[in-house]
Amino acid sequence: MIDAATRQPLDAASVAAAFRFATDWLGVHIDEVNALNVYPVPDGDTGTNMHLTMQSVRRHLDDENPSDMSKLAHALAYGSLLGARGNSGVILSQILKGFAEAIREASTLGTTEVAAALAQATESAYAAVMKPVEGTILSVCRAMSEDAASHEDEDGPIELLKRVHAVGEIALEKTPEQLPLLAQAGVVDAGGLGLLRIIEGLIAHFEQRDLPPPPKIEKRAQEQFEEEAFGYCTEFLLSDVTVPTSDIQALVAPYGDSLLVVGAEGFVKGHIHTEEPEKLLAEVGRYGRMVRSKVEDMSEQHAEILAGVELSEAAAPSTALVAVSDGYGVTKVFRSLGARVVGGGQTNNPSVQDIADAVRSVGADSVIVMPNNKNIIMAAERVIELVPERDVRVLPTRSLGQELAAAIMFDENAEPESLLANMQDAANASHTLEVTTASRDATIDDVEVREGQFIGLVDGVLMVAAETPEETLRNLLVGVGDEAEVATLFYASSISEEQAAAMAEELMNNHEDLEVEVHVGAPDLYPYLLVLE
């Protein structure tokens, strides 16, 4: 018998609360989903990318606190587009976009409205993919939406979700029959499982269930594949776009495969696997303002998995590290140093829940959190109360430079007390030099700047203004560069590899004791970011 309460239509506030909880539910299952990820390449990040996408949805739900379906729809569609990460995240954003479009004019959600929303979610997801592949998240979504259409209105929305979830599980089990790569690896589709975990989280909210413990991961499917070249997973988010989305799609298409280019509300989100990431980002950057970009070496991700130990035999570390990071090159370095990364930084602060999700997702009892920005420190400190089951320590880093210097000292087998002291000393001995552009005319700290001019900051303090990013960085190092021995230079996609190499060579010539290491992938607002130690 169906409980009368489950037949009641759902209002916007209850649906928003369910999506918040579903984000936490998926967060518990990140590694479970990652362990299955072999399609389109075995880089093991599907769970991470889907969760990052849901975290962005949750941030917009928290900011907008929707009281009606129109506002809820905006938070779902807008939040998922801006936060979409990876192939699976972009497809998930289109599922949520379709769902949102269908409910926008509704007052409440009953069985009919939910069924219609699932149908439009499927339609939106298939339309976004240039070459839809069965045996993926698309197949699972379609199976659920087709089944939803057959249910009677009196079933109620929650009962409908439970029934389509069961159908989705059956569809997920069939994915290896549809996609040979899954059969070869002996797994079901990771994206399909991620979608089911989200639906499961929605149901669990209405049933008032607690979050489960993270599943134990015995093996990773990626270990069955030999090391080979997979290219670079490249993403971009543009605002103020001056051409139709279809033009951006046509521009990007020759660069590679796994192509997704979608747009909404003045933004265009793109995802592609390519061998020429910097060239692609520089080209699309001419057609709008680059809000965010990310490049990940999928071959390197796969190699790291192959180099890992047997999970079933690996002892849990004593201490884990969670770092807030911005810029794909900076993020790559943090991951190489053993950190679980939370996306965010200047103008893009993660929420308390985002940081708490990362803390819950690691295996250690003690967790050190590094916020990297003074505006994020308070959010990081609130995680201590939110995750009482872990020993959470906040190292109050105020810049990416402090954070990187501290991360180099991280040792997962060390006790947190001594580790924190060593990391704090390293952070204190570092300097962060940032080159960005002025957003307005101003005189700050006796430095006059014009809107659009390049400006340079040392540890957050404005020091110089100049006409080129190179001149700005060169002037920043006067005095402070003589004290340093090691420098790490990150450059954004607006700077060519040749420019960055020449800049590094010049800095070493001007400061004879300075060794400069160069990485592409500075935060998008910063042509250059230099860390001195």
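Is H60 buried or exposed, and what is its relative accessible area?

A: This is a predicted model. H60 has a relative accessible area of 15%, so it counts as buried, the cut-off being under 20%. H60 sits in helix α4, which spans residues 46-64. The side chain of H60 reaches the backbone oxygen of S56, at 2.9 Å. Further along the sequence, H60 touches N65, A75, Y78, G79 and L82. That list leaves out residues up to four places away in sequence.

Now to charged pairs. Side chains of opposite charge can pair when their charged atoms come close. The salt bridges in this model number 20. One of them joins the side chains of R20 and D62, with N to O at 2.7 Å. Here R20 belongs to helix α2 (residues 12-28) and D62 to helix α4. The two are 42 residues apart, so this pair links distant parts of the chain. D62 has 36% relative accessibility, so it counts as partly exposed.

First, the side chains of K269 and E235 meet in a salt bridge, at 3.9 Å from N to O. This pair, too, links distant parts of the chain: K269 is in strand β3 (residues 267-274), E235 is in strand β1 (residues 232-239), and 34 residues separate them. Both K269 and E235 are buried.

Next, R474 forms a salt bridge with E506, and their closest N and O atoms are 2.3 Å apart. R474 lies in helix α21 (residues 469-476) and E506 in helix α22 (residues 497-510), so the bridge ties together parts 32 residues apart in sequence. R474 is partly exposed, at 31% relative accessibility. E506 is partly exposed as well, with a relative accessible area of 24%.

Burial can also be followed over a whole helix. Helix α19 (residues 400-408) is mostly covered, with eight of its nine residues buried. Those buried residues are L400, G401, Q402, E403, L404, A405, A406 and A407.

Back to the starting point.

Technical notes: Residues are numbered from 1 along each chain as its sequence is written. This is a predicted model: local features need pLDDT of at least 70, side-chain atom pairs count only at pLDDT 80 or more; totals for chains, interfaces and linings use all residues. Side-chain values use heavy atoms; hydrogens and water are left out. Helices (H or I, at least four residues) and strands (E, at least two) are DSSP runs, numbered from the N terminus. Buried means under 20% relative accessible area, exposed over 50%, partly exposed in between (1.4 Å probe, protein chains only). A polar contact is a pair of N or O atoms within 3.5 Å; within protein, one must be able to donate a hydrogen and the other to accept it, and residues adjacent in sequence count only if both atoms are side-chain atoms. Contact means heavy atoms within 4.5 Å. A salt bridge is a side-chain nitrogen of Lys or Arg within 4 Å of a carboxyl oxygen of Asp or Glu.
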